[in-house]
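Please read the following report with the sequence and the structure side by side. It goes through a single chain, one topic at a time.

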Amino acid sequence: MPVPKRKRSKSRRDKRFANKGIKARAFGSCKNCNEIVQSHAICQGCGFYRGRKVITTKAERAGRRGEERKLRQQKLEARAPQQGDAPIDAKPE
(Lines give C-alpha, C1' and ligand atoms only; values in the text may rest on other atoms or scores of the structure.)
Protein backbone atom coordinates (compact mmCIF):
# COMPACT_ATOMS: atom_id res chain seq x y z
CA MET A 1 0.00 0.00 0.00
CA PRO A 2 1.45 3.41 -0.97
CA VAL A 3 2.29 5.78 1.86
CA PRO A 4 3.31 9.45 1.49
CA LYS A 5 7.02 9.98 1.95
CA ARG A 6 6.58 13.36 3.70
CA LYS A 7 3.81 15.21 5.49
CA ARG A 8 1.91 17.55 3.18
CA SER A 9 2.16 21.12 4.53
CA LYS A 10 -0.93 23.05 5.62
CA SER A 11 -0.49 25.65 2.87
CA ARG A 12 -0.30 22.95 0.16
CA ARG A 13 -3.32 21.20 1.63
CA ASP A 14 -5.36 24.40 1.89
CA LYS A 15 -4.60 25.51 -1.68
CA ARG A 16 -6.95 22.81 -2.93
CA PHE A 17 -9.92 24.41 -1.23
CA ALA A 18 -9.05 28.07 -1.73
CA ASN A 19 -11.26 28.68 -4.78
CA LYS A 20 -14.32 26.67 -3.83
CA GLY A 21 -16.12 29.64 -2.26
CA ILE A 22 -15.90 31.98 -5.28
CA LYS A 23 -19.16 32.28 -7.20
CA ALA A 24 -20.31 34.55 -9.98
CA ARG A 25 -22.57 37.34 -8.70
CA ALA A 26 -25.99 37.95 -10.17
CA PHE A 27 -26.66 41.43 -11.53
CA GLY A 28 -29.79 43.13 -12.75
CA SER A 29 -30.86 46.62 -13.68
CA CYS A 30 -32.54 49.24 -11.53
CA LYS A 31 -36.18 49.69 -12.51
CA ASN A 32 -36.02 53.39 -11.68
CA CYS A 33 -32.81 54.51 -13.45
CA ASN A 34 -31.70 51.38 -15.41
CA GLU A 35 -28.28 51.33 -13.71
CA ILE A 36 -26.62 47.94 -13.18
CA VAL A 37 -27.29 46.75 -9.62
CA GLN A 38 -26.40 43.60 -7.69
CA SER A 39 -29.53 41.59 -6.93
CA HIS A 40 -31.21 42.28 -3.57
CA ALA A 41 -29.24 45.52 -3.13
CA ILE A 42 -30.08 49.22 -3.07
CA CYS A 43 -29.29 51.19 -6.23
CA GLN A 44 -26.39 53.54 -5.44
CA GLY A 45 -27.35 55.82 -8.33
CA CYS A 46 -30.89 56.73 -7.30
CA GLY A 47 -31.36 55.16 -3.83
CA PHE A 48 -34.37 53.01 -4.75
CA TYR A 49 -35.02 49.40 -3.70
CA ARG A 50 -38.03 47.49 -5.00
CA GLY A 51 -39.68 50.66 -6.27
CA ARG A 52 -39.34 52.69 -3.05
CA LYS A 53 -36.90 55.45 -2.10
CA VAL A 54 -34.74 54.03 0.69
CA ILE A 55 -31.63 56.24 0.98
CA THR A 56 -30.53 59.69 -0.08
CA THR A 57 -27.72 59.71 -2.62
CA LYS A 58 -24.50 61.71 -2.55
CA ALA A 59 -25.72 63.99 -5.33
CA GLU A 60 -28.93 64.81 -3.43
CA ARG A 61 -27.02 65.58 -0.23
CA ALA A 62 -24.56 67.80 -2.10
CA GLY A 63 -27.41 69.71 -3.77
CA ARG A 64 -29.18 70.22 -0.46
CA ARG A 65 -25.95 71.47 1.17
CA GLY A 66 -25.47 73.96 -1.66
CA GLU A 67 -28.99 75.33 -1.19
CA GLU A 68 -28.45 75.64 2.57
CA ARG A 69 -25.20 77.55 2.00
CA LYS A 70 -26.95 79.98 -0.33
CA LEU A 71 -29.71 80.61 2.22
CA ARG A 72 -27.15 81.20 4.99
CA GLN A 73 -25.23 83.62 2.78
CA GLN A 74 -28.43 85.53 1.93
CA LYS A 75 -29.31 85.81 5.63
CA LEU A 76 -25.85 87.13 6.45
CA GLU A 77 -26.07 89.71 3.66
CA ALA A 78 -29.53 90.81 4.85
CA ARG A 79 -28.25 91.28 8.41
CA ALA A 80 -25.15 93.27 7.41
CA PRO A 81 -25.60 97.04 7.79
CA GLN A 82 -25.89 99.01 4.56
CA GLN A 83 -23.38 101.73 3.72
CA GLY A 84 -24.38 105.04 5.23
CA ASP A 85 -26.31 103.44 8.10
CA ALA A 86 -25.29 104.34 11.62
CA PRO A 87 -23.26 101.70 13.41
CA ILE A 88 -25.21 99.62 15.90
CA ASP A 89 -22.98 100.69 18.83
CA ALA A 90 -23.38 104.42 18.13
CA LYS A 91 -25.59 106.39 20.50
CA PRO A 92 -28.15 108.70 18.93
CA GLU A 93 -27.69 112.37 19.82
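Glu60 is partly exposed in this predicted model, with a relative accessible area of 32%, and its partner in a salt bridge is Lys53, the closest N and O atoms of the two being 2.8 Å apart. Lys53 is itself partly exposed, at 39% relative accessibility, and this lysine belongs to strand 4. The structure holds 2 salt bridges, and the other one joins Arg13 to Asp14, where the closest N and O atoms lie 2.9 Å from each other. Arg13 has a relative accessible area of 38% and is partly exposed, while Asp14, with 40%, is likewise described as partly exposed.

Between Lys53 and Cys43, which are 10 residues apart along the chain, the C-alpha atoms are separated by 9.7 Å.

**The chain as a whole**

The secondary structure of the chain comes to 2 helices and 4 strands, and from the N terminus on these elements follow the order α-β-β-β-β-α. Of the 93 residues in the chain, buried residues make up 6%. Among the contacts with a separation of 6 or more, 0% are accounted for by residues 24 or more positions apart.

How many residues does helix 2 have, and how far does it reach? Helix 2 covers residues 58-79, which gives it 22 residues, and it reaches 32 Å from its first C-alpha to its last, close to the 32 Å expected at 1.5 Å a residue. The number of buried residues among the 22 of helix 2 is 0, so this helix lies largely in the open.

**A buried residue in a loop**

Thr57 lies in the loop between strand 4, residues 52-53, and helix 2. Is Thr57 buried or exposed? With 7% relative accessibility, Thr57 counts as buried, because it falls under the 20% cut-off. Not counting residues up to four places away in sequence, Thr57 touches Gln44, Gly45, Cys46 and Gly47.

One of these, Gln44, is found in the loop between strand 2 and strand 3, and Gln44 is exposed, with a relative accessible area of 61%. The C-alpha atoms of Gln44 and Ile55, two residues 11 places apart along the chain, are separated by 8.7 Å.

**Residues with a positive phi**

Most residues other than glycine have a negative phi. Against that background, His40 can be picked out, with a phi near 60°, a positive value in a residue other than glycine. Arg50 is also not a glycine, and its phi is positive at about 55°. His40 sits in the loop between strand 2 and strand 3, whereas Arg50 is found in the loop between strand 3 and strand 4. His40 counts as exposed at 74% relative accessibility, and Arg50 is exposed too, with a relative accessible area of 74%.

**The largest pocket**

Rolling a probe the size of a water molecule over the atoms shows where empty space is left. In the largest pocket, about 310 Å³ of space is found. Which residues lie nearest the centre of the largest pocket? They are Ser29, Cys30, Lys31, Ala41 and Arg50, out of 17 residues that line the pocket.

Three strands each supply at least two residues of this lining, namely strand 1 (27-29), strand 2 (36-38) and strand 3 (48-49), and strand 1 gives the most, with 3 residues. By class, the lining of the largest pocket has 8 nonpolar, 7 polar and 2 charged residues.

**Accessibility of selected residues**

The table brings together the relative accessible areas of several residues from the sections above.

| Residue | Relative accessible area | Class |
|---|---|---|
| Thr57 | 7% | buried |
| Glu60 | 32% | partly exposed |
| Arg13 | 38% | partly exposed |
| Lys53 | 39% | partly exposed |
| Asp14 | 40% | partly exposed |
| Gln44 | 61% | exposed |
| His40 | 74% | exposed |
| Arg50 | 74% | exposed |

Conventions:
Residues numbered from 1 in each chain as written. Predicted model: local features only at pLDDT ≥ 70, side-chain atom pairs only at ≥ 80, totals over all residues. Heavy atoms only, no water. Salt bridge = Lys/Arg side-chain N within 4 Å of Asp/Glu carboxyl O. Buried < 20%, exposed > 50% of the residue type's maximum accessible area, 1.4 Å probe, protein only. 1 Å grid on protein atoms, 1.4 Å probe; cavity = no way out; pocket = protein on both sides within 12 Å on 5 of 7 lines; lining within 4 Å. Points joined across faces, edges and corners; volume = space filled by probe spheres on them. Nonpolar A, V, L, I, M, F, W, Y, C, P; charged D, E, K, R; others polar. Expected span 1.5 Å × (residues − 1). Contact = heavy atoms within 4.5 Å.
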